[in-house]
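Thanks for coming. Please have a look at the model first.

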Amino acid sequence: MSSEENTVIKPFALEQSFFEGIGLTLGDHQEFDGDGITADDAIQFKTHVFHMGKLLVSIYESDPAKVRIDDMPFDEYVQILEGRLILTPDGGDSQEFKQGDSLMVPAGFTGYWEMPEKYREFIIINNDEAEA
C-alpha cells in the first residue's frame with residue numbers, strides 16, 4: 001500500500017482572523033502573469049491561501065486600485081469583507097458592490113475591476129478552468 005493510499009482527506013476550518021485581515025502576507029504581482037489581468041506594479045496587496053486544488057480558496061486585500069481584466073480564465077465567487085468593488089464590463093454598465101455582498105464573476109469577463117478604497121474579499125476560484 002502506497003503512502004497516497006493511507007492519506008486521510010478531511011475537512012478543515014478556515015481561520016477567522018484572516019477574514020479580518022490579520023496575518024495576511026504581501027502578495028506577488030507575478031501571480032497575475034498570463035491570466036489576462038493587468039495590475040499596476042505599485043499596487044500593494046496581501047493574501048492568504050486556505051486551499052489550492054481544483055478550487056482556490058483565498059482572502060485578498062488591496063489598497064485602492066483599478067485593474068484591467070481581459071477574458072478572465074476562470075469563474076470566481078466573491079464575498080466582499082471590506083470596502084467597495086465597481087465592475088465595469090467592456091460595453092456594459094458599471095455595477096457596484098459593497099461590504100457583505102456576494103457575487104459571481106464568470107469566466108470570460110473583460111473590463112475593469114475597481115477598488116476605490118481599502119478592499120478585502122473572500123474568493124473561491126475554479127482552478128480547473130484556469131488550467132484548461
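Residue numbers start from 1 along each chain as its sequence is written. This is a predicted model, in which local features need pLDDT of at least 70, side-chain atom pairs count only at pLDDT 80 or more, and totals for chains, interfaces and linings use all residues; side-chain values use heavy atoms, with hydrogens and water left out.

Now the sheet. Two strands are taken to pair if DSSP finds at least two bridges between them. On that basis there is an open sheet of six strands, ordered 1-3-4-11-6-9, with antiparallel pairing. Strand 1 (25–26) and strand 9 (102–105) are the edge strands, each pairing on one side only.

Going in from strand 1, two bridges join it to strand 3, residues 45–52, and the two run antiparallel. L26 has K46 in strand 3 as its bridge partner. Strand 3 then pairs with strand 4 over seven bridges, again antiparallel. These two form a hairpin with two residues between them, and M52 stands opposite L56 of strand 4.

S62 is buried, because its relative accessibility is 2%. T47, in strand 3, is at 14% and so is buried.

For contacts, the cut-off is heavy atoms within 4.5 Å. Leaving out residues up to four places away in sequence, S62 touches I43, Q44, F45, M115, E117, K118 and Y119. With that same exclusion, T47 touches L24, T25, S58, I59 and Y60. T47 and S58 are 11 residues apart in sequence, with their C-alpha atoms 7.0 Å apart.

Next, the cores. A nonpolar core is a set of buried Ala, Val, Leu, Ile, Met, Phe, Trp, Tyr and Cys residues joined through side-chain atoms within 4.5 Å. The largest one has 22 residues, and L85, L87, L103, W113 and M115 have the most contacts inside it. Strands 4, 5 (65–69), 6, 7 (84–89), 9, 10 (111–115) and 11 (119–126) each supply at least two of its residues. Apart from that core lies another, of eight residues, including F19, L24, F50 and V57.

Last, the rings. Phe, Tyr and Trp rings (the six-membered ring for Trp) pair if their centres lie within 6.5 Å; planes under 30 degrees apart are stacked, over 60 edge-to-face, and the rest tilted. The count is four aromatic pairs. F19 and F122 make a tilted pair, because their planes are at 35 degrees, with the ring centres 5.1 Å apart. That pair links F19 in helix 1, residues 16–19, to F122 in strand 11, 103 residues away. F19 is buried at 15%, and F122 is buried at 9%. F18, F19, F50 and F122 form one aromatic cluster.

Conventions. Helices (H or I, at least four residues) and strands (E, at least two) are DSSP runs, numbered from the N terminus. Buried means under 20% relative accessible area, exposed over 50%, partly exposed in between (1.4 Å probe, protein chains only).
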